[in-house]
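User: I have a model open and would like to learn how to read it. Can we take it feature by feature?

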Amino acid sequence: MNILEVKNLTKRYGDFTAVAGINFAVKKGDVFGFLGPNGAGKTTTINMLTGLAKVTEGTVFLAGIDCVKHMKKAQELMGIVPDESNLYPEMNGLENLDFCGALYGMEKKERNRKAWELLEQVGLKEAAKKPFKAYSKGMKRRLTIAAGIIHNPDILFLDEPTTGIDVESARHIRKLLIDLNKSGTTIFLTTHYIEEAERLCNRIAFIVDGKIVKIDSTEKLLETAQREKIVQFSVDNCILELQGILQQTFPEYKYKVIDEQTIRVYSAEAIDLIPIIEVFKDNSLTLYEAKVIKPSLEEVFVKITGIEAKKMKNEGGKK
Ligand SMILES: Nc1ncnc2c1ncn2[C@@H]1O[C@H](COP(=O)(O)OP(=O)(O)OP(=O)(O)O)[C@@H](O)[C@H]1O
Ligand SMILES: [Mg+2]
């Protein structure tokens with residue numbers, strides 16, 4: 001059953017189209033990933049879905065509710081974790097959660113019980129009485145998630161939940177999201193970490209320049225990738241020259257130079273290594289390493305979008 005249905009969703013800023021008529025559906029129980037590079041339109045999309053940005057054109061239905069017309073009603077079913085925290089810097093962790101609970105109309109006693117339960121769940125019990133502004137980035141993100149789930153939403157929206165925070169917090173958040181999903185919460189997240197999407201999501205949409213260029217189950221995406229065989233060779237140098245020689249000798253394979261010492265050979269069929277190694281020998285090259293690469297979502301992403309996976313990671317790291 002679809003919990004979220006999005007049709008022709010568009011956002012224009014003047015002449016500029018940030019999101020260009022996208023269509024997708026999220027099923028109840030999905031962990032749905034929106035994966036794309038900087039400026040792809042991820043935040044714009046999630047903001048339109050959650051009522052933080054106005055929809056220029058198109059429709060969004062959440063559990064049958066028309067979000068464009070009745071966003072307030074739809075928001076009751078949503079947990080929202082924006083990329084920048086929306087909590088109060090002067091209040092401590094407990095007070096922030098209590099305040100959020102009050103906004104959702106929860107009784108004092110219930111709010112307090114739930115706040116402590118959540119603090120425990122996100123690993124912030126010890127920091128409960130510290131002001132939010134004294135939290136590290138990772139702690140802030142964890143508390144923002146706690147605040148987003150205090151009213152047990154049916155669907156949780158997170159914009160880059162693990163970008164720019166420490167490894168430990170990121171791990172904690174991923175585990176938390178998996179547990180939440182297991183207990184029935186549908187999750188919609190954006191990310192530019194390919195690995196994160198692969199690890200967390202059961203469905204992924206690749207978004208580039210405001211358009212969805214591919215959308216499928218993670219399983220299917222990986223299946224497509226893993227039909228291809230890849231072997232990576234590391235030699236002492238002269239990789240460009242070597243690429244030419246290999247191309248001439250084995251035109252049935254595809255090649256990609258990774259760096260000055262590394263080249264990858266791609267094939268739809270099994271790759272016979274001996275003749276390739278002979279070529280290295282004939283050209284007096286020292287072969288340091290030959291390894292089989294198990295294709296990951298990265299390969300699918302690079303193939304479909306033409307965007308270097310390295311670029312995505314660097315962008316993520318910079319934030
Ligand atoms: N208020 C605005 N006015 C004009 N252009 C905007 C505005 N907000 C976003 N954009 C543009 O829309 C495009 C999509 O931006 P968006 O923030 O949705 O990307 P993103 O995929 O979330 O990127 P990031 O990975 O950096 O978070 C970008 O080109 C951005 O410059
Ligand atoms: Mg963004």
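Analyst: Start with the domains. The assignment for the chain gives domain 1 (2-223) and domain 2 (229-294). Keep in mind that this is a predicted model.

User: How far apart do the C-alpha centres of domain 1 and domain 2 lie?

Analyst: They lie 43 Å apart. For the overall extent, take the principal axes. The C-alpha trace of the chain spans about 80 × 45 × 35 Å along them.

User: What secondary structure is there in the chain?

Analyst: The chain has twelve helices and 14 strands. Next, look at burial. Of the 319 residues in the chain, 35% are buried. A residue counts as buried if 20 or more other C-beta atoms lie within 10 Å of its own.

User: What do the contacts in the chain say about separation in sequence?

Analyst: Take contacts between residues at least 6 apart in sequence. In this chain, 69% of them join residues at least 24 apart.

User: Now a sheet. In which order do the four strands of the open sheet run?

Analyst: The order is β2-β1-β4-β5, and the pairing is antiparallel. An edge strand pairs on one side only; here the edges are β2 (16-27) and β5 (65-66). Inside the sheet, follow β1 (residues 2-13) and β4 (residues 57-62). They run antiparallel and are joined by five bridges.

User: What should I expect of side chains along a strand?

Analyst: In a regular strand they alternate between the two faces of the sheet.

User: How many residues lie between the strands in the hairpin of β9 and β10?

Analyst: Two residues lie between them, and in this hairpin D209 takes a positive phi near 50°. The strands themselves are β9 (residues 203-208) and β10 (residues 211-217), paired antiparallel over six bridges. A205 stands opposite I215 in β10.

User: Last, the ligand. Which residues surround ligand 1?

Analyst: Read the shell in pieces. Ligand 1 is surrounded by Y13, F16, A18, G36, N38, G39, A40, G41, K42, T43, T44 and H192. Then ask which elements supply them. Two or more residues each come from β2 and α1 (42-50). The largest share, three residues, comes from α1.

User: How many residues of the shell around ligand 1 are nonpolar, polar and charged?

Analyst: Four are nonpolar, seven are polar and one is charged.

Methods. Residues numbered from 1 in each chain as written. Chains lettered and ligands numbered in written order. Predicted model: local features only at pLDDT ≥ 70, side-chain atom pairs only at ≥ 80, totals over all residues. Buried ≥ 20, exposed ≤ 12 C-beta atoms within 10 Å, placed from the backbone. Contact = placed C-beta atoms within 7 Å. Pairing = 2+ DSSP bridges. Domains from an automatic or database assignment. Near = placed C-beta within 6 Å. Nonpolar A, V, L, I, M, F, W, Y, C, P; charged D, E, K, R; others polar.
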